[in-house]
Structures are given as C-alpha cells and as structure tokens.
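Please read them against the coordinates.

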Amino acid sequence: MKIYKIKKSKIDKNGLYANCNIKKGTKIIEYKGKIISVKQSETNPKFDNGKAIYLFNINKKFDLDGDYSFNTARLINHSCDPNCEVFGTGLKVWVYAMKNINKGDELSYDYGFSFDEDFRQFPCKCGSKNCIGYIVREGSRWRVKKNKNKKK
C-alpha cells in the first residue's frame with residue numbers, strides 16, 4: 001500500500017494526502033523528472049512564470065524538470081506551514097516528512113520561492129494561520145510582511 005493518495009486539494013487542484021499515519025523523517029516520494037541545464041530552464045518558454053512550473057534547482061549547473069505525468073510528487077502543494085521538506089542527493093530529489101503526519105492530512109512543503117520583483121505572481125492559497133498570501137520561502141517572508149506594512 002502506498003503511504004499517499006491523490007485527492008482534490010483544498011489548496012490548489014489535486015494534492016497528495018497521507019493514506020496512513022506517517023512518522024517524522026519518513027522518505028515519502030521521489031520527485032522525478034528530466035535533468036536539464038540551468039541555461040535551458042532560464043531560456044525555455046516552458047518555464048515562463050505564467051504557467052505551472054515543476055522545476056527544482058539541483059545545483060549551479062542542473063535543474064530537475066518534473067513536469068511529467070509519471071512524477072506524482074508534482075502534485076504536492078506549497079504551504080506556509082508545511083509537513084514535508086525536500087532534500088536532494090546527487091541528481092535525485094526526495095520528499096520527507098518533517099513532522100508526524102496524520103492519515104488524511106494533505107502533504108505540503110515550502111516551495112522556496114525567492115522574494116523578488118515577481119513575488120506577487122505567485123499567490124498562496126494554503127490557508128495556514130501564518131500564510132502571508134504569496135509563495136515565498138520561509139526565510140524571506142518577513143520582507144513581504146514589511147512590504148505589506150509600507151503599502152498601508
């Protein structure tokens with residue numbers, strides 16, 4: 001039995017949900033795809049911000065394009081209060097439980113988007129109590145909060 005299942009998400013479209021209780025530290029699923037050069041990801045119109053992008057930066061030279069139907073991990077949504085985290089080893093990327101996850105909970109991780117001039121193009125719909133409204137990595141969220149205060 002797989003430890004996750006695909007269901008309609010409260011966050012965005014479909015998501016992955018725990019099919020059983022999952023203990024902290026459990027390796028849940030590999031994020032699969034095609035290894036491409038960073039140059040390809042920067043120049044290919046497939047990775048335009050106006051489209052769904054399933055791209056992981058592996059290192060300075062390579063990215064992982066996960067936009068393939070065989071990559072079930074692409075269905076894991078972003079949350080500002082995630083229960084999973086992602087680690088790369090060599091050219092492989094894995095999703096792990098960062099805390100105990102109860103059966104029926106949606107799996108999520110922090111997408112790690114940078115705070116830059118485009119951050120408003122990526123609204124967050126996670127609904128967590130610490131959500132700032134945009135998909136911005138945890139360490140940069142204070143900038144969005146500061147930015148919100150300036151606009152008032």
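1. Six aromatic pairs are counted, where rings of Phe, Tyr and Trp (its six-membered ring) pair if their centres lie within 6.5 Å; planes under 30 degrees apart are stacked, over 60 edge-to-face and the rest tilted. Tyrosine 109 and tyrosine 111 make a tilted pair, because their ring centres are 5.2 Å apart and their planes stand at 50 degrees.

2. The model is predicted: local features need pLDDT of at least 70 and side-chain atom pairs count only at pLDDT 80 or more, while totals for chains, interfaces and linings use all residues. Residues are numbered from 1 along each chain as its sequence is written, and side-chain values use heavy atoms, with hydrogens and water left out.

3. Tyrosine 109 has a relative accessible area of 5% and is buried; tyrosine 111, at 28%, is partly exposed. Buried means under 20% relative accessible area, exposed over 50%, and partly exposed in between (1.4 Å probe, protein chains only).

4. The rings of phenylalanine 119 and tyrosine 134 have centres 5.0 Å apart and planes at 80 degrees, so this pair is edge-to-face. Both residues lie in the loop between strand S10 (108-109) and helix H2 (141-151), 15 residues apart. Helices (H or I, at least four residues) and strands (E, at least two) are DSSP runs, numbered from the N terminus. Phenylalanine 119 is buried, at 3% relative accessibility.

5. One aromatic cluster is formed by Tyr31, Phe56, Tyr109 and Tyr111.

6. Lysine 7 lies over the face of tyrosine 17, 4.6 Å from the ring centre. Lysine 46 lies over the face of tyrosine 68, at 5.1 Å from the ring centre. The criterion is NZ of Lys or CZ of Arg within 6 Å of the ring centre and within 35 degrees of the ring normal.
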